[in-house]
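Please keep the sequence and the structure in view while reading.

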Amino acid sequence: MIIQNCDHAYRVIRCFYSTEDTAEYLCRESRRAEAGLWLLVGIQEPVLAKSFTLFLEERARREAFTDYRECFQWEQKLYAVFAYSEDQALTERMSWEHMSLAERVQIAHGLFKRLLLQDPPPFFAVNGLRPEQVTVSRSLEVRWNYHFLQVRQFDAASPGDAAWALLEVLEFLFAPELDKKLYPELEAYLEELEDGLLCPYLEMYRAFLPVSGALLEDPGRKRVPRTFWFRLWEKVKKLLGFLRRVLKAALVAAAVLYVIFVLLDDSGSRAGQQVIHQIGDLVIVEQTE
(Lines give C-alpha, C1' and ligand atoms only; values in the text may rest on other atoms or scores of the structure.)
Protein backbone atom coordinates (compact mmCIF):
# COMPACT_ATOMS: atom_id res chain seq x y z
CA MET A 1 0.00 0.00 0.00
CA ILE A 2 1.32 3.41 -1.01
CA ILE A 3 0.11 6.70 0.53
CA GLN A 4 1.39 9.70 -1.37
CA ASN A 5 1.18 13.39 -2.16
CA CYS A 6 3.06 15.58 -4.61
CA ASP A 7 6.32 15.47 -2.67
CA HIS A 8 6.51 12.09 -0.96
CA ALA A 9 5.37 8.50 -1.42
CA TYR A 10 5.02 6.49 1.76
CA ARG A 11 5.08 2.71 1.54
CA VAL A 12 3.15 1.11 4.40
CA ILE A 13 5.16 -1.43 6.39
CA ARG A 14 2.73 -2.02 9.21
CA CYS A 15 -0.68 -0.90 10.40
CA PHE A 16 -0.63 -0.24 14.14
CA TYR A 17 -4.41 0.08 14.47
CA SER A 18 -7.44 1.03 12.42
CA THR A 19 -10.92 2.23 13.43
CA GLU A 20 -13.80 3.83 11.56
CA ASP A 21 -12.34 7.30 12.21
CA THR A 22 -8.57 6.94 12.47
CA ALA A 23 -5.66 4.64 11.65
CA GLU A 24 -1.90 4.64 12.20
CA TYR A 25 0.66 3.31 9.71
CA LEU A 26 4.39 2.73 9.97
CA CYS A 27 5.90 3.74 6.63
CA ARG A 28 9.12 4.23 4.73
CA GLU A 29 9.58 6.58 1.79
CA SER A 30 9.55 4.68 -1.49
CA ARG A 31 11.87 7.15 -3.20
CA ARG A 32 14.17 7.77 -0.22
CA ALA A 33 14.41 4.64 1.89
CA GLU A 34 17.44 6.06 3.71
CA ALA A 35 15.27 8.86 5.14
CA GLY A 36 14.11 6.57 7.94
CA LEU A 37 10.71 5.58 9.22
CA TRP A 38 7.56 7.70 9.44
CA LEU A 39 4.33 7.44 11.35
CA LEU A 40 1.25 8.35 9.31
CA VAL A 41 -1.95 9.15 11.21
CA GLY A 42 -4.96 8.84 8.92
CA ILE A 43 -8.23 10.57 9.85
CA GLN A 44 -11.39 9.90 7.86
CA GLU A 45 -14.07 11.73 9.86
CA PRO A 46 -14.37 15.15 8.08
CA VAL A 47 -15.02 17.39 11.09
CA LEU A 48 -12.20 15.83 13.11
CA ALA A 49 -9.87 16.01 10.11
CA LYS A 50 -10.56 19.72 9.63
CA SER A 51 -10.10 20.65 13.31
CA PHE A 52 -6.97 18.51 13.61
CA THR A 53 -5.52 20.18 10.49
CA LEU A 54 -6.05 23.62 12.04
CA PHE A 55 -4.44 22.44 15.25
CA LEU A 56 -1.39 21.11 13.38
CA GLU A 57 -0.99 24.31 11.37
CA GLU A 58 -1.30 26.54 14.43
CA ARG A 59 0.57 24.53 17.07
CA ALA A 60 2.77 21.94 15.36
CA ARG A 61 4.07 23.68 12.24
CA ARG A 62 7.02 25.33 13.94
CA GLU A 63 10.67 25.24 12.99
CA ALA A 64 11.69 23.78 16.35
CA PHE A 65 9.19 20.91 16.27
CA THR A 66 10.91 18.76 13.68
CA ASP A 67 9.10 15.57 14.75
CA TYR A 68 6.12 16.81 12.71
CA ARG A 69 6.70 16.77 8.96
CA GLU A 70 3.50 17.53 7.04
CA CYS A 71 -0.18 16.81 6.57
CA PHE A 72 -2.06 16.24 3.30
CA GLN A 73 -5.25 14.82 1.82
CA TRP A 74 -5.23 11.52 -0.04
CA GLU A 75 -8.25 9.45 -1.03
CA GLN A 76 -10.60 11.52 1.14
CA LYS A 77 -8.47 11.10 4.25
CA LEU A 78 -6.23 13.48 6.16
CA TYR A 79 -2.73 12.12 6.80
CA ALA A 80 -0.38 13.69 9.35
CA VAL A 81 3.26 12.60 9.16
CA PHE A 82 5.62 12.29 12.13
CA ALA A 83 9.20 11.06 12.46
CA TYR A 84 9.55 7.53 13.87
CA SER A 85 12.68 6.30 15.65
CA GLU A 86 14.19 2.91 14.82
CA ASP A 87 16.17 2.79 18.07
CA GLN A 88 15.36 0.36 20.85
CA ALA A 89 12.61 1.24 23.31
CA LEU A 90 13.67 2.18 26.84
CA THR A 91 11.58 -0.61 28.37
CA GLU A 92 13.16 -3.22 26.12
CA ARG A 93 16.67 -1.85 26.64
CA MET A 94 16.40 -1.95 30.43
CA SER A 95 14.80 -5.40 30.42
CA TRP A 96 17.95 -7.11 29.17
CA GLU A 97 20.79 -4.65 29.82
CA HIS A 98 22.01 -3.41 33.18
CA MET A 99 22.29 0.34 32.93
CA SER A 100 24.31 2.19 35.52
CA LEU A 101 22.89 5.13 37.42
CA ALA A 102 25.18 7.48 35.49
CA GLU A 103 23.81 6.16 32.18
CA ARG A 104 20.24 6.58 33.34
CA VAL A 105 20.95 10.13 34.48
CA GLN A 106 22.35 10.79 31.00
CA ILE A 107 19.13 9.45 29.47
CA ALA A 108 17.12 11.75 31.75
CA HIS A 109 19.17 14.71 30.53
CA GLY A 110 18.47 13.52 26.99
CA LEU A 111 14.74 13.67 27.70
CA PHE A 112 15.00 17.27 28.86
CA LYS A 113 17.28 18.20 25.97
CA ARG A 114 14.76 16.92 23.45
CA LEU A 115 11.88 18.64 25.24
CA LEU A 116 13.75 21.94 25.14
CA LEU A 117 14.81 21.58 21.50
CA GLN A 118 11.49 20.32 20.15
CA ASP A 119 9.27 22.32 22.53
CA PRO A 120 6.31 20.06 21.67
CA PRO A 121 2.75 21.15 22.48
CA PRO A 122 1.44 19.25 25.54
CA PHE A 123 -0.68 16.93 23.35
CA PHE A 124 2.44 15.58 21.65
CA ALA A 125 4.42 15.29 24.90
CA VAL A 126 1.56 13.29 26.44
CA ASN A 127 1.42 10.96 23.42
CA GLY A 128 5.19 10.51 23.15
CA LEU A 129 6.58 10.48 26.68
CA ARG A 130 5.85 6.91 27.69
CA PRO A 131 8.48 4.38 28.82
CA GLU A 132 7.57 1.99 25.99
CA GLN A 133 7.75 4.79 23.39
CA VAL A 134 10.95 6.54 24.50
CA THR A 135 13.86 5.17 22.46
CA VAL A 136 17.57 5.09 23.29
CA SER A 137 20.38 4.69 20.76
CA ARG A 138 23.70 2.96 21.40
CA SER A 139 25.20 6.37 22.18
CA LEU A 140 22.29 7.05 24.60
CA GLU A 141 20.64 9.57 22.30
CA VAL A 142 16.99 9.93 23.29
CA ARG A 143 13.97 10.21 21.03
CA TRP A 144 10.35 9.06 21.29
CA ASN A 145 7.63 7.74 19.01
CA TYR A 146 4.11 9.10 18.94
CA HIS A 147 0.92 7.08 19.07
CA PHE A 148 -2.37 9.01 19.04
CA LEU A 149 -4.98 6.66 20.42
CA GLN A 150 -7.08 9.63 21.57
CA VAL A 151 -6.84 12.00 18.61
CA ARG A 152 -10.10 13.71 19.54
CA GLN A 153 -8.49 15.03 22.71
CA PHE A 154 -5.80 16.93 20.82
CA ASP A 155 -6.85 20.30 22.26
CA ALA A 156 -7.49 19.10 25.82
CA ALA A 157 -3.93 18.38 26.97
CA SER A 158 -2.37 20.85 29.40
CA PRO A 159 1.22 21.54 30.54
CA GLY A 160 0.35 19.65 33.71
CA ASP A 161 -0.48 16.59 31.60
CA ALA A 162 2.95 16.86 29.99
CA ALA A 163 4.54 16.96 33.45
CA TRP A 164 2.65 13.79 34.38
CA ALA A 165 3.93 12.08 31.24
CA LEU A 166 7.51 13.01 32.11
CA LEU A 167 6.90 11.81 35.66
CA GLU A 168 5.93 8.37 34.36
CA VAL A 169 9.16 8.02 32.39
CA LEU A 170 11.38 9.22 35.24
CA GLU A 171 9.67 6.87 37.70
CA PHE A 172 10.42 3.97 35.37
CA LEU A 173 13.99 5.16 34.74
CA PHE A 174 14.88 5.47 38.43
CA ALA A 175 12.64 2.70 39.79
CA PRO A 176 15.51 0.90 41.65
CA GLU A 177 16.45 4.05 43.56
CA LEU A 178 12.83 4.96 44.28
CA ASP A 179 12.00 1.47 45.54
CA LYS A 180 14.87 1.63 48.03
CA LYS A 181 14.23 5.30 48.91
CA LEU A 182 17.86 6.14 48.28
CA TYR A 183 17.50 9.76 47.18
CA PRO A 184 15.07 12.09 48.99
CA GLU A 185 15.97 14.81 46.45
CA LEU A 186 14.59 12.70 43.60
CA GLU A 187 11.40 11.89 45.50
CA ALA A 188 10.81 15.58 46.26
CA TYR A 189 11.33 16.50 42.60
CA LEU A 190 8.84 13.89 41.38
CA GLU A 191 6.31 15.11 43.92
CA GLU A 192 6.63 18.61 42.47
CA LEU A 193 6.04 17.22 38.99
CA GLU A 194 2.99 15.32 40.20
CA ASP A 195 1.58 18.43 41.86
CA GLY A 196 1.98 20.45 38.65
CA LEU A 197 4.47 22.87 40.19
CA LEU A 198 6.97 22.50 37.32
CA CYS A 199 5.05 22.98 34.10
CA PRO A 200 7.29 24.85 31.60
CA TYR A 201 9.93 22.51 30.16
CA LEU A 202 12.77 24.88 31.09
CA GLU A 203 11.60 25.05 34.69
CA MET A 204 11.40 21.25 34.82
CA TYR A 205 14.99 21.03 33.61
CA ARG A 206 16.36 23.67 35.97
CA ALA A 207 14.76 21.95 38.94
CA PHE A 208 16.24 18.61 37.84
CA LEU A 209 19.86 19.85 37.70
CA PRO A 210 20.53 19.71 41.47
CA VAL A 211 18.74 16.35 41.59
CA SER A 212 21.03 14.90 38.93
CA GLY A 213 23.99 16.30 40.88
CA ALA A 214 22.81 14.43 43.97
CA LEU A 215 22.35 11.25 41.94
CA LEU A 216 25.92 11.43 40.64
CA GLU A 217 27.77 12.61 43.76
CA ASP A 218 30.29 10.14 45.17
CA PRO A 219 29.61 7.47 42.53
CA GLY A 220 31.80 4.99 44.39
CA ARG A 221 29.72 5.27 47.55
CA LYS A 222 26.79 2.92 47.82
CA ARG A 223 23.72 4.25 49.55
CA VAL A 224 21.49 2.01 51.61
CA PRO A 225 17.71 2.07 51.71
CA ARG A 226 16.17 4.88 53.77
CA THR A 227 13.23 2.84 55.08
CA PHE A 228 11.62 3.43 58.49
CA TRP A 229 13.75 0.74 60.12
CA PHE A 230 16.87 2.10 58.44
CA ARG A 231 16.19 5.61 59.73
CA LEU A 232 15.49 4.17 63.22
CA TRP A 233 18.76 2.25 63.13
CA GLU A 234 20.58 5.42 62.07
CA LYS A 235 19.22 7.22 65.14
CA VAL A 236 20.13 4.28 67.38
CA LYS A 237 23.68 4.29 65.96
CA LYS A 238 24.02 8.01 66.64
CA LEU A 239 22.80 7.48 70.20
CA LEU A 240 25.21 4.58 70.69
CA GLY A 241 28.04 6.72 69.35
CA PHE A 242 27.20 9.46 71.83
CA LEU A 243 27.01 6.99 74.70
CA ARG A 244 30.33 5.48 73.62
CA ARG A 245 32.01 8.89 73.77
CA VAL A 246 30.48 9.54 77.21
CA LEU A 247 31.65 6.13 78.41
CA LYS A 248 35.18 6.78 77.18
CA ALA A 249 35.29 10.11 78.99
CA ALA A 250 33.96 8.46 82.17
CA LEU A 251 36.61 5.73 81.97
CA VAL A 252 39.39 8.28 81.53
CA ALA A 253 38.10 10.29 84.50
CA ALA A 254 37.83 7.11 86.61
CA ALA A 255 41.39 6.14 85.70
CA VAL A 256 42.70 9.57 86.72
CA LEU A 257 40.81 9.43 90.03
CA TYR A 258 42.15 5.93 90.68
CA VAL A 259 45.76 7.03 90.12
CA ILE A 260 45.29 9.99 92.46
CA PHE A 261 43.73 7.73 95.12
CA VAL A 262 46.59 5.21 94.88
CA LEU A 263 49.21 7.93 95.24
CA LEU A 264 47.50 9.42 98.26
CA ASP A 265 47.02 6.02 99.86
CA ASP A 266 50.65 5.11 99.23
CA SER A 267 51.95 8.29 100.87
CA GLY A 268 49.68 7.71 103.90
CA SER A 269 50.82 4.13 104.37
CA ARG A 270 54.43 5.18 104.45
CA ALA A 271 53.83 7.48 107.50
CA GLY A 272 55.12 5.93 110.83
CA GLN A 273 56.88 3.10 109.06
CA GLN A 274 59.82 1.35 110.84
CA VAL A 275 63.16 1.02 109.07
CA ILE A 276 65.41 -1.72 110.46
CA HIS A 277 69.19 -1.65 109.98
CA GLN A 278 71.40 -4.55 111.09
CA ILE A 279 75.18 -4.39 111.48
CA GLY A 280 76.49 -7.79 112.54
CA ASP A 281 74.74 -8.71 115.78
CA LEU A 282 73.66 -5.09 116.36
CA VAL A 283 70.05 -4.29 115.31
CA ILE A 284 69.07 -0.60 114.95
CA VAL A 285 65.38 0.23 114.66
CA GLU A 286 64.57 3.66 113.11
CA GLN A 287 61.02 5.07 113.32
CA THR A 288 60.00 7.23 110.29
CA GLU A 289 57.34 9.90 110.46
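Of the 289 residues in the protein chain, 39% are buried, where buried means under 20% relative accessible area, exposed means over 50% and partly exposed lies in between, with a 1.4 Å probe and protein chains only. The model is a predicted one, in which local features need pLDDT of at least 70 and side-chain atom pairs count only at pLDDT 80 or more, while totals for chains, interfaces and linings use all residues. Residues are numbered from 1 along each chain as its sequence is written, and side-chain values use heavy atoms, with hydrogens and water left out.

The secondary structure of the chain comes to nine helices and eleven strands; these are DSSP runs numbered from the N terminus, helices being H or I with at least four residues and strands being E with at least two. Among contacts with a separation of 6 or more, 60% join residues 24 or more positions apart, a contact being heavy atoms within 4.5 Å.

Helix 1, residues 46–60, has 15 residues and reaches 20 Å from its first C-alpha to its last, close to the 21 Å expected at 1.5 Å a residue, the expected span being 1.5 Å times one less than the number of residues. The two sides of this helix are set out below.

| Part of helix 1 | Residues |
|---|---|
| Buried | Leu48, Ala49, Phe52, Phe55, Leu56 and Ala60 |
| Exposed, on the other side | Pro46, Val47, Lys50 and Glu58 |

The buried residues Leu48, Ala49, Phe52, Phe55, Leu56 and Ala60 lie on the same side of helix 1 because they cover an arc of only 125 degrees around the axis, the arc being that of the directions from the helix axis to the C-beta atoms. An α-helix has 3.6 residues a turn, so residues three or four places apart point the same way. The buried residues of helix 1 pack against strand 3 (22–29), strand 4 (37–43), strand 5 (68–74), strand 6 (77–84) and helix 4 (122–128).

Strand 5 holds Cys71, which counts as buried because its relative accessibility is 17%. Although Cys71 and Thr53 are 18 residues apart in sequence, their C-alpha atoms are 7.4 Å apart in space. Not counting residues up to four places away in sequence, Cys71 touches Thr53, Leu56, Glu57, Arg61, Leu78, Tyr79 and Ala80.
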